[in-house]
Amino acid sequence: MGVIQLDHAAATAVAIEALGLDPQAVDFDAPEALAATLRRTASFMCPTTTGRLIRAVVDSLAGLRVIDADLRETLDELVASLIAYGDLLELEAYAEASGTGSRLYLGPPAFVARESGTVLLVGIRPEGEPLVSEELGAFVSNERHIRALPAGAVDDPAGVLASYGLTQTTLEHWHRAPAMCQPEVLVRGYQNRLDQQRSSGSVDGLTVLDGEQDVSYYRGRWRSPKHRDSGFYVARRARAFGAPLWCVVDLAEGEPVRLLDLPILQGLNRGCDEAWRLQAAIDADRGAPQIIRTDTPSGADVSVVDFTAPLPSWLQRRWDLVATPLVRRRGALLSYRIPTVELDEELAFVKERMWAAVEPTR
Amino acid sequence: MTSGTAGADPDPLRGFHVELDEHFRALGESVRSNALRPVFALEHGLSEQRRAELRHAVATRVRLGSIPKDAWLPVVAFAAEIGYGYVGDEYWDSFEAAAPGWHRHFDRGQLRTWFEKFASEYGGARPGGAWAEWFTIIAWPITHAVLPTDLQVHLARLLYDYRHHLTAGMLAAPDLLGESLAMRASDSSSSRFRKFTENTTLLGQVAAALLLGEGTESAFLLPATLDRVVEDLARERQALRWLTEAKARAKSVRLRGLSRSTGPRGSTMGRVESAGAPVDRLSDPRCYVRKGDDGWSAIIELPDLSVLATRFQMMRPELQRRRCVVAGAAGAPLARGRVLLPGQRLRLDRWPNYSEALLKIENAPAAANELLADYCRLSAGSLWLFRITEPGLGVEVRGRAVRAGHEYLVCSRHELETAADWVHRADMTTSGLRAYSLVIPDVIGPETSAALGELGLGVATDITFEPVGLVPALWDGEGAAEWVIGEEPLISITTTKALRACFLSIDGSSPEPIDLLAHSPQHQALVCLTDLGSGTHELHATLVPLDEDEPVIEGRLDVTIRNPRDRATSGSYRSAFFMLSSPAVPSLSEIWDDRASIEIFGPAGIPVRPKVTLRNSDSVLVSHHLPRTELPVLAGEWRRVFETFQRQHEVRQRFDDADSMTIDIAHDDLGCISLRAEREFTPLRWIIGRNRNVPYARLINNTAYEEVTLHIQDFATPGTTQQCTINGDRVEYPAGGLISATAGRSSAAGIIPPQVDTLDDLRRSTREHPRVHVNAREPSEVIRLCRLSQQWMTATVPGDIIARQRQVAVLREVADRLSALVGGQSWARAEIDATRTRPLSARRLAAAVGNQPDQRALAEVLERRAADLAALSVDKRVADFASLCSQTFRWLRVELDRDWVSEFLLRLASDPGGLLAWCGNDPTEAVGLVLQAPVLLRAARLVVLVTADLTAETDVATPYRGWTWE
């Protein structure tokens, strides 16, 4: 055993290699390396909070790359993607000593086979243990948060992956999405539930999603309640510890009257997934549907799609399966590259379930 | 060897003998120079076709009842083949099936004689390890089978799990490899595999052959034999993958070992080699503080105590099979084996005293608890420093040094006095500690430094160590970090001082200069720590400032390298759900008989449907989903849903043929978890079955003794034994009862259900009340009755409801007789009177507890509180009972631990069969106390009987409802 001094490039290469990636191809600016670092860190820290996970990764990168707001934002988006994709599960803490509130847990090792033969790898093993061996890992491609085994890389991929203890997730389950409904029906359902709640009194640290603001600038829609605010809002409320809770709130002149914490659906649904879909319904109901921008150069066989609002996990999973996530483009929260032949069907699905409007990129 | 000369001889067996003699003699000669390399009978080199011919030749001669004196060698090879292929635990049955007539014509000892001859003539392997002492004959053919097929998957998994620990030294020394692997194997679900690994020499040789053998001449096994093992192993894809990865690792370790001698790996920028052995702190717990609504609470995170179990073999059974008390943690002790689950976080309601061990294994030998106290302890002293790493969470800084601008929480046993305005009292919910919040000023001047010194804290030196690149498994933010073995920690070392020189050393090696100036303006150096073994290593830095007047700066980082955790298929607490069993590695019988508990944890309210499968070798006998239940599934709920499985007719019929059980839980979002339990591999075992509705008991005898002493006890007269004989390999006994077999030092008992052909038979059987004969009121008689109860309780019970009911009736009768023996005739009458009424008359019992004023007072309070006690969990009931009896204990001057005595009394009163296993130590002193002060047992019986009367649960495995002991 011993100590070897390294320069920054060599140290970065050692760390990237330890993550199972090619140091010739990526460094710690690449989202693939950051996603791998998040996964590895989660394997030791879960159950944990998003904040603590990101803080640990940021601390570990000091000295190997620039630490700035962009890094934190990228990590935040990547954690959201890892949750939606299934590498991480966001659940209420179920052991007292882990604290209260939502915690990140490791998603179970699994795989989903695309019709093309490509297989998506999902989940994280504890203790930094890779999902597959180094030998098979050499075939795995990384695109942002997605790990995929290309078609034809191995014979009988389902059998091989099963031998690694990965369970197959069916396309049916992967595609599981809420049933279609009219936006006003969805909004009314939540309003009815909210009406049944008792008076909430004042609520600490309440922020609301302003339905009047530009739907294509998601972050700019969040603010504190104002005196003129009355009616039904998607909101978040602070807790003493942990991330704020998602909720819907009935305001009267800026003061909360009733409050309903999300999620209200049974099972492992996340509050944010319900909130985002509900806001999409609210926006559509008031005639200002959320915007999806598409960029299809003439004759190109791939298109780029920019989402300006966050996607519920069931929708992101669907896009992860058919499209390739990109580093988000200007004005977008999420960007995907999708084969043009798939574009119409997938956009139709988003329009059906999220009532979104599609427009070409300006 | 593909052709032979057997065909030329009229007796093919002689031909085989000649052929094998020639082969083994040559093999023995070729390996003679390698003292570590024995010859195995499986290395006969026969092709598949020739093996079939050999089997036929041996079977023919066995049937005739004669093996020529000069033709014993084929039988040895044949026996090794049986050992290689048989599954389950019935070696002799497999042998008899392949060579009918063996039992009739031959003595078991003859086989051992031939194997001993093989060992001395050809340098053959000799069985070793503890199991060879118990299985004195079959240990020979099984050893010579090298690696029986059904154990191959277990060895592949073990090699895979252990791959990161492999060293070049181990690969060159199979004994060392075997010893290391054996220590890790004791968690295997297969009892046969655990026993196989006790022969560490064989284990090491087989493992080395598998790891290093492919493509090269193995030093430890004939290539053809090795190929055969690998080929068989490859039939299971996962096993082949495990082996492939373990081999890849072994190859790289070996290459690295070879290259090491040619110079340091990697960079030429400088290398510091370690000198000393690592300091071991792997088994110390981690400490945190977490803020809640009422203030801060101390949290401990359990360490990986398997390192203790590995180092001290005597610790493993104690940790696996006993409960563990965590000092200061509220609630029941940790369930059996639960302490071996590292990473569990427990909130301390009370901070342990100076003299108190943090962990104490219940009823374990003193030596085990002393070891645990020595190796698992909180940081010494009366003050603990926690760095606040995020709002509401602090991590202990063991070095007790603070940095400017950081926030801390100090917890102290004593009041701290300070005038510093950056120290504020904080609320603490853990009693025994006072908490203070510290916000260290941005600049630590002399005044601040002095104030810190008065508090018992230091100031961190002007050198910072930080892990970079790979987030470590644990990092206290200051001076201690933890990685998993196989990882190479990357560390950043920084200082703001202008330096003349910087030196690094690891584990006390001589300091080597590193360049802290060249690579960044912040005076940062990045170092990679390579090839660190398991344990805690000290990375020490010495900085020499440019200014000669400034003192040298010293800094230290504790780098802990530990084993990976959470390999279990039953899930991990880091995942969305997981399954725990108590004891940690339960056997099939323990789960079936409710002597092991199962719990499933996960997000509350999520529905799950466990699937239970019984298997015999690879065949599924029966598989059913249990009723849907919701997470978390605690022990009581598990028992309820599992009973629905046990009650199914098909399950009861097939259970006795099963040699393993798996519990699988699959959830679309949470994943899959699984727990496997196998039958214990014992020298003697009963299988209970039915032949045309006639119950029988079949004996599996793997001992060296063909003569077995058999006794039977009727259900009507437990404790009264009569000899019986075995007909072939089974005993039929229509009346039913407990049958026990003894052969040498081994014994086993099973319960034969009564034969029930008609409704009258059923009525008669259920009405018949067992009667136990009781002798004089002596401690030895109490212990005899406990042993009798234990014998009935631990006997193999078939999946037959009547057998279970009769067993419970016997257990209850023994408990009643024991109560009458200790409590006296008046008390016995009171029990009879009280239980005649519905509901049971607690008043009648209370009236008989005792006549002294203090005894009456105790009886009154117990009568008043009995219903409340019945509603509590067993652990809480014990605690409350101890509290209610405290006055009586004082009057009686009870010197034993009062909580312990309370549990002893309630166990004796409710479950005497389980008492002796729980006690561990000699119970004579406690029994003496009970006989001297019968009021204690009467009080305990009052609580037991009232609780049983008020409890609705339907478990039939315990004599009294509501008294399922952990």
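Which residue in strand 20 of chain B does Leu6(A) stand opposite? In this predicted model, the residue opposite Leu6(A) is Leu526(B). The strands concerned are strand 1 of chain A and strand 20 of chain B, the latter spanning residues 524-530, and they run antiparallel and are joined by five bridges.

This pairing belongs to an interface in which 62 residues of chain A are in contact with 79 residues of chain B. The size of an interface is often given as the accessible area lost when the parts come together; for chain A and chain B the buried area is about 5,600 Å², and carbon and sulfur atoms give 56% of that area. Between the two chains, 20 residue pairs are in polar contact, both residues of each pair being at pLDDT 80 or more. On the side of chain A that touches chain B, the elements giving two or more residues are strand 1 (2-6), helix 1 (8-18), helix 2 (31-45), helix 3 (50-61), strand 2 (88-92), strand 3 (102-106) and helix 6 (157-163). The residues on this side of chain A comprise 31 nonpolar, 18 polar and 13 charged. A salt bridge between the side chains of Arg40(A) and Glu487(B) has an N to O distance of 2.4 Å.

Side chains of opposite charge can pair when their charged atoms come close, and several such pairs were examined within the individual chains. In chain B, Arg286(B) and Glu482(B) meet in a salt bridge at 2.8 Å, N to O. Because Arg286(B) lies in strand 2 (residues 286-292) and Glu482(B) in strand 16 (residues 480-484) of chain B, this pair ties together parts that are 196 residues apart in sequence. Arg286(B) is buried, with a relative accessible area of 19%, and Glu482(B) is likewise buried, at 7%.

A salt bridge within one helix is formed by Arg907(B) and Glu903(B), whose closest N and O atoms are 3.0 Å apart; both residues lie in helix 31 (residues 898-910) of chain B, four residues apart, about one turn of the helix. Arg907(B) counts as buried at 3% relative accessibility, as does Glu903(B) at 6%. In chain A, salt bridges that share partners join Glu73(A), Glu77(A), Arg144(A), Arg219(A) and Arg328(A) into one network. Asp68(A) and Arg65(A) also form a salt bridge, with the closest N and O atoms 3.8 Å apart; here Asp68(A) is partly exposed, with a relative accessible area of 27%, whereas Arg65(A) is buried, at 18%.

How values were computed: Residues numbered from 1 in each chain as written. Chains lettered and ligands numbered in written order. Predicted model: local features only at pLDDT ≥ 70, side-chain atom pairs only at ≥ 80, totals over all residues. Heavy atoms only, no water. Contact = heavy atoms within 4.5 Å. Buried area = accessible area lost by both parts, 1.4 Å probe. Salt bridge = Lys/Arg side-chain N within 4 Å of Asp/Glu carboxyl O. Polar contact = N/O pair within 3.5 Å; in protein donor to acceptor, adjacent residues only side chain to side chain. Nonpolar A, V, L, I, M, F, W, Y, C, P; charged D, E, K, R; others polar. Pairing = 2+ DSSP bridges. Buried < 20%, exposed > 50% of the residue type's maximum accessible area, 1.4 Å probe, protein only.
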